[in-house]
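Hi everyone, thanks for making time for this.

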Amino acid sequence: MKKYKLLIALSLIVVILISSCYKDKEELLYATSTTGDCSNPSIQKGVKFTAVAAIIQSNCVSCHNTGGTSPNLSTSCQIVDKWDRINVRCVQNKDMPTSGPLSVANQNAITDWVNAGHLYTN
Ligand code: HEC
């Protein structure tokens, strides 16, 4: 009886190990990037992302830079990573930048990008 329990436990571990390996491979195979390859220089920025990056550059990076106020928004990947907080603070709460809300056109540009999937390639 004890041997059986050990066997069952061992085979469960093996199954878990194998299935976790399978998931790793699946991600590699289908490359389901959640960022749109923001750090890959050979992949082109999307038009909507480019517009948002320009807005962040001129309205946010003076404070949100390396060593400055968190979050750092000075690179493409950092912007893509913080899409949700950018959307909340600039479009929903309208309390960033601290000097007053972005223009409606700039808020719409953020909304467009978020709705398109908020990737580097959007
Ligand atoms: C004058 C400086 C300044 C500018 C410009 C500025 N921020 Fe901020 N930001 C702050 C400070 C200070 C905080 C921390 C206090 C707070 O959260 O309100 C902050 C916090 C944040 C946070 C982190 C808190 C959270 O909600 O996750 C986000 C995101 C943010 N700002 C986004 C932006 C964006 C996007 C812009 C440009 C449109 C911007 N900020 C422009 C000063 C600034």
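This is a predicted model: local features need pLDDT of at least 70, side-chain atom pairs count only at pLDDT 80 or more; totals for chains, interfaces and linings use all residues.

Is threonine 69 buried or exposed? It has 12 C-beta neighbours inside 10 Å, so threonine 69 counts as exposed. You'll find threonine 69 in the loop between H2 and H3. Leaving out residues up to four places away in sequence, threonine 69 touches Cys63 and His64.

Now for the inside. The largest nonpolar core has 16 residues. Val52, Ile56, Ile79 and Ile110 are the ones with the most contacts within this core. Two or more residues each come from H2, helix H3 (76-81), H4 and helix H5 (104-116), and H2 gives the largest share, five residues. Take isoleucine 79: setting aside residues up to four places away in sequence, it touches Val52, Ala53, Ile56 and Leu73. As a general point, nonpolar side chains in soluble globular proteins tend to be buried together.

Finally, the ligand. Which residues come nearest to the ligand? Out of 17 residues around it, those are Cys60, Cys63, Arg85, Met96 and Pro97. Helix H2 (47-59) and helix H4 (83-92) each supply at least two residues of the shell around the ligand, and H4 gives the most, with four. By type, this shell splits into nine nonpolar, five polar and three charged residues.

Conventions. Residues are numbered from 1 along each chain as its sequence is written. A residue is near a molecule or strand if its C-beta atom, placed from the backbone, lies within 6 Å of it. Ala, Val, Leu, Ile, Met, Phe, Trp, Tyr, Cys and Pro count as nonpolar, Asp, Glu, Lys and Arg as charged, and the others, Gly among them, as polar. A nonpolar core is a set of buried Ala, Val, Leu, Ile, Met, Phe, Trp, Tyr and Cys residues joined through C-beta atoms within 7 Å. A residue is buried if 20 or more other C-beta atoms lie within 10 Å of its own, exposed if 12 or fewer, and partly exposed in between; C-beta atoms are placed from the backbone. Two residues are in contact if their C-beta atoms, placed from the backbone, lie within 7 Å.
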